[in-house]
Amino acid sequence: MKRFWVILGVVVAGLVLLFVFNKPAEQSKDTFTGDAKTIQEDDHVIKAPKEKVVLIEYADFQCPSCASVFPILEELKVKYKENVSFVFRHLPLIQIHPNAFAAARAAEAASNQGKFWEMQQYLFQEAGKQGTNTFTQTRLKAMAETLGLDTGDFNKCLGNQEHAKTVQSNMRDGQQLAAVSYTHLRAHETPEH
């Protein structure tokens with residue numbers, strides 16, 4: 001049974017993560033046109049001193065699969081901290097997770113106080129514990145207080161449109177990248193006989 005969960009975790013991680021090597025391959029005209037393979041100024045990064053690989057995660061704080069992969073990624077961050085840089089980008093699936101966008105904005109608001117990674121961990125640990133009420137404004141503000149954030153600043157930042165734009169930009173990039181990946185998968189399928 002443990003093997004099943006490990007395999008499931010690896011499959012989910014494969015769907016959620018994008019491995020990017022130092023020198024990106026040349027892009028053909030049908031590949032992603034954004035800059036998803038390059039660390040961006042507004043990315044959240046844990047930089048490896050001897051970077052050989054950059055692992056970019058697109059995730060949704062309300063997604064059970066993302067939350068189940070989180071502990072695996074935490075282990076990888078410890079094990080490969082010398083050679084692997086880790087990047088986090090938001091991809092809230094707002095059609096099925098209505099509070100994920102607010103959670104992403106909360107992580108960005110925590111980032112203003114240097115606590116992005118702490119908020120990320122807290123959000124994944126709390127995901128689903130209160131059902132659909134996990135990431136209400138009241139709960140997010142309580143999480144900020146628990147993390148020792150300046151709640152006045154946090155509350156102002158939570159509604160900040162710049163944070164909304166950052167999350168939306170991550171979403172666009174992730175959706176475009178997923179669409180291109182799906183197109184490539186479909187193009188390489190062999191017809192059934």
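How many aromatic pairs does the structure contain? In this predicted model, the count comes to five aromatic pairs. One of them is formed by Phe61 and Phe88, whose rings are stacked, lying 5.4 Å centre to centre with 20° between the planes. This pair links distant parts of the chain, since Phe61 sits in the loop between β3 (53-59) and α2 (64-79), whereas Phe88 belongs to strand β4 (residues 84-90), 27 residues apart. Phe61 is buried, with a relative accessible area of 1%, and Phe88 is likewise buried, with a relative accessible area of 1%.

A further aromatic pair, that of Phe70 and Phe124, is tilted, with 5.1 Å from centre to centre and 35° between the planes. Phe70 is part of helix α2 and Phe124 part of helix α4 (residues 116-126), so that the pair ties together parts of the chain 54 residues apart in sequence. Both partners fall below the 20% limit for burial, Phe70 having a relative accessibility of 6% and Phe124 one of 4%. Ring pairs join Phe61, Phe70, Phe88, Phe116, Trp117 and Phe124 into a cluster.

Burial was also examined in helix α6. In this helix, which spans residues 151-158, Phe154, Cys157 and Leu158 are buried. Viewed down the axis of α6, its buried residues fall within an arc of 105°, and they therefore line one face of the helix. An α-helix has 3.6 residues a turn, so residues three or four places apart point the same way. The N-terminal end of α6 is capped by Asp150, a side-chain oxygen of which lies 3.0 Å from the backbone nitrogen of Gly152.

Conventions: Residues numbered from 1 in each chain as written. Predicted model: local features only at pLDDT ≥ 70, side-chain atom pairs only at ≥ 80, totals over all residues. Heavy atoms only, no water. Buried < 20%, exposed > 50% of the residue type's maximum accessible area, 1.4 Å probe, protein only. Helix = DSSP H or I, 4+ residues; strand = E, 2+ residues; numbered from the N terminus. Arc of directions from axis to C-beta. Polar contact = N/O pair within 3.5 Å; in protein donor to acceptor, adjacent residues only side chain to side chain. Phe/Tyr/Trp six-rings, centres within 6.5 Å; stacked < 30°, edge-to-face > 60°.
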